[in-house]
Amino acid sequence: MPSTQKALVVSELGKPVTLVKVTVAGLNPHDGKSRDYGLFIANDLPSILTNDVVGKVTKLGQGATGIAVNDRIVYHPSFAPGSTQNGLQEYAIADLWAAAKIPDSITDDEAATLPTNIFAPLVALFEKLQIPAPWSPAAKKFDYAGAIILIVGGGSNCGRFGVQLAKLAGIGRIVVVGGDEAELKSYGATHVIDRHAPYETLLMRIREVVGDDLVYAYDAVSPVDGQLLALNALSTYKRGILARLIPTGPVDESKVLGKKAGFDVRDVFGSSHEQPELAVGFWSRVTGYLKNGQIRPLSYTVKEGLLANNVNSVLDAYKNGEAVTKTHIHL
């Protein structure tokens, strides 16, 4: 971690950005992979980590509107090398189209649970699965109430937010594998299936709910072999789609049975900067969604101070496969 910070000049940038005094930087598993394997940053060292950032606006760039100095914002930094937006630094730059003002009813830490873990399922549902975003023109003609979605990994943060987004869109049947039933149903799940069962039992239980009509599946947690559950739950006579967060290799198609209409496997990269149209539509509405409870923040824990040990202890836990509550560094 650099011991000093390069000056960030906002007024000279000809786009709507803001300089923020960072208050919360949220760690995620990909930060550990960045540290250990150079994910996203191998050719740009030293680099600043974290893509869940909350801060207070200190200066506005050219063209910045709808925001004022001292406003609290949550934003989703770019994953690009050399980004000046990441969270583990005293000051950072935020693109306002990938940011939202935090309502008074929401704390900085609550807001910081959103960016990475909500944008990945947002891309999965409304880009990769091709379900129209509920604010899009196509939403007027889409039968959300008649749609079914399977979400595997309901106990993960990306799974939890996936359920909330499915509910936000009005999807009629939201079937979830894994996670706490009461919690997930409070987010909008209609059916929750205990993941602690043999594969064939899980598949049978999913089929009892979805029949042979499932065309939308989102897997937030499984490695390649585990993705076969969602694929085999897809319809045999309609072409189905699996959006997956862990694209570590091709699936063994010989183990996907009976798909007469075929199927697609689509990899998800949850970056606002890779999906700017989707990002603008979403982040411009986040303040309202938080105010009215359509998006509910998740659990977190806090470490005080921008200290290497505070960061490394969390990233070590991810590396060792330990259960980790989402952790925020308070600057």
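The chain exposes about 14,600 Å², and carbon and sulfur atoms supply 50% of that area. The model is predicted. Of the 331 residues, 53% count as buried. The secondary structure comes to nine helices and 13 strands. The radius of gyration is 20 Å, close to the 20 Å that the globule rule gives for 331 residues, so the chain is as compact as a globular protein of that length.

**Overall dimensions and contacts**

- The C-alpha trace spans about 60 × 45 × 35 Å along its principal axes.
- Take the contacts between residues at least 6 apart in sequence: 72% of them join residues at least 24 apart.

**Nonpolar cores**

- The largest nonpolar core has 57 residues. Within this core, F126, I149, I171, Y218, F282 and W283 touch the most other members.
- Helix α3 (residues 115–128) gives the most to this core, with eight residues.
- A second, separate core holds 25 residues, including V152, L202, V210 and V251.
- I149, from the largest core, touches L125, L129, I131, A166, I171, R173, I174, V175, L214 and Y216, leaving out residues up to four places away in sequence.

**R173 in strand β7**

- R173 lies in strand β7, which covers residues 173–177.
- Its relative accessibility is 31%, so R173 counts as partly exposed.
- Beyond four places in sequence, R173 is in contact with A147, I148, I149, T190, H191, V209 and V210. Among these partners, I149 belongs to the largest nonpolar core and V210 to the second one.
- R173 and T190 are 17 residues apart in sequence, yet their C-alpha atoms are 5.8 Å apart in space.

- L39, F40 and F269 make a nonpolar surface patch of about 220 Å².
- F269 sits in the loop between β11 (263–267) and α8 (276–292). F269 is partly exposed, with a relative accessible area of 34%.
- H30 is found in helix α1 (residues 29–37). H30 counts as buried because its relative accessibility is 14%, under the 20% limit.
- Apart from neighbours within four places in sequence, H30 is in contact with L39, F40, N51, F79 and T116.

**Salt bridges**

- The whole structure has 12 salt bridges.
- R72 pairs with D108, with the closest N and O atoms 2.6 Å apart. This pair links distant parts of the chain: R72 is in strand β3 (residues 72–75) and D108 in helix α2 (residues 108–112), 36 residues apart. R72 is partly exposed at 22% relative accessibility, whereas D108 is buried at 19%.
- E183 and R160 meet through their side chains in a salt bridge of 3.0 Å, N to O. E183 lies in helix α5 (residues 181–187) and R160 in helix α4 (residues 157–169), so the pair ties together parts that are 23 residues apart in sequence. E183 is partly exposed at 22% relative accessibility, and R160 is buried at 19%.
- D267 pairs with R244, with the closest N and O atoms 2.6 Å apart. D267 is in strand β11 and R244 in strand β10 (residues 240–244), and the two are 23 residues apart. D267 is partly exposed, with a relative accessible area of 36%, while R244 is buried at 5% relative accessibility.
- R35, D36 and D316 are linked in a network of salt bridges.

Key:
Residues are numbered from 1 along each chain as its sequence is written. This is a predicted model: local features need pLDDT of at least 70, side-chain atom pairs count only at pLDDT 80 or more; totals for chains, interfaces and linings use all residues. Side-chain values use heavy atoms; hydrogens and water are left out. Patches are made of residues with over 30% relative accessible area and no salt bridge: like charges are joined within 9 Å, nonpolar side chains (Val, Leu, Ile, Met, Phe, Trp, Tyr) within 5 Å. Accessible areas come from the Shrake-Rupley method with a 1.4 Å probe; for residues, only the protein chains shown count as cover. A salt bridge is a side-chain nitrogen of Lys or Arg within 4 Å of a carboxyl oxygen of Asp or Glu. Helices (H or I, at least four residues) and strands (E, at least two) are DSSP runs, numbered from the N terminus. Buried means under 20% relative accessible area, exposed over 50%, partly exposed in between (1.4 Å probe, protein chains only). Contact means heavy atoms within 4.5 Å. A nonpolar core is a set of buried Ala, Val, Leu, Ile, Met, Phe, Trp, Tyr and Cys residues joined through side-chain atoms within 4.5 Å. The radius of gyration is taken over C-alpha atoms; the globule rule is 2.2 Å times the number of residues to the power 0.38.
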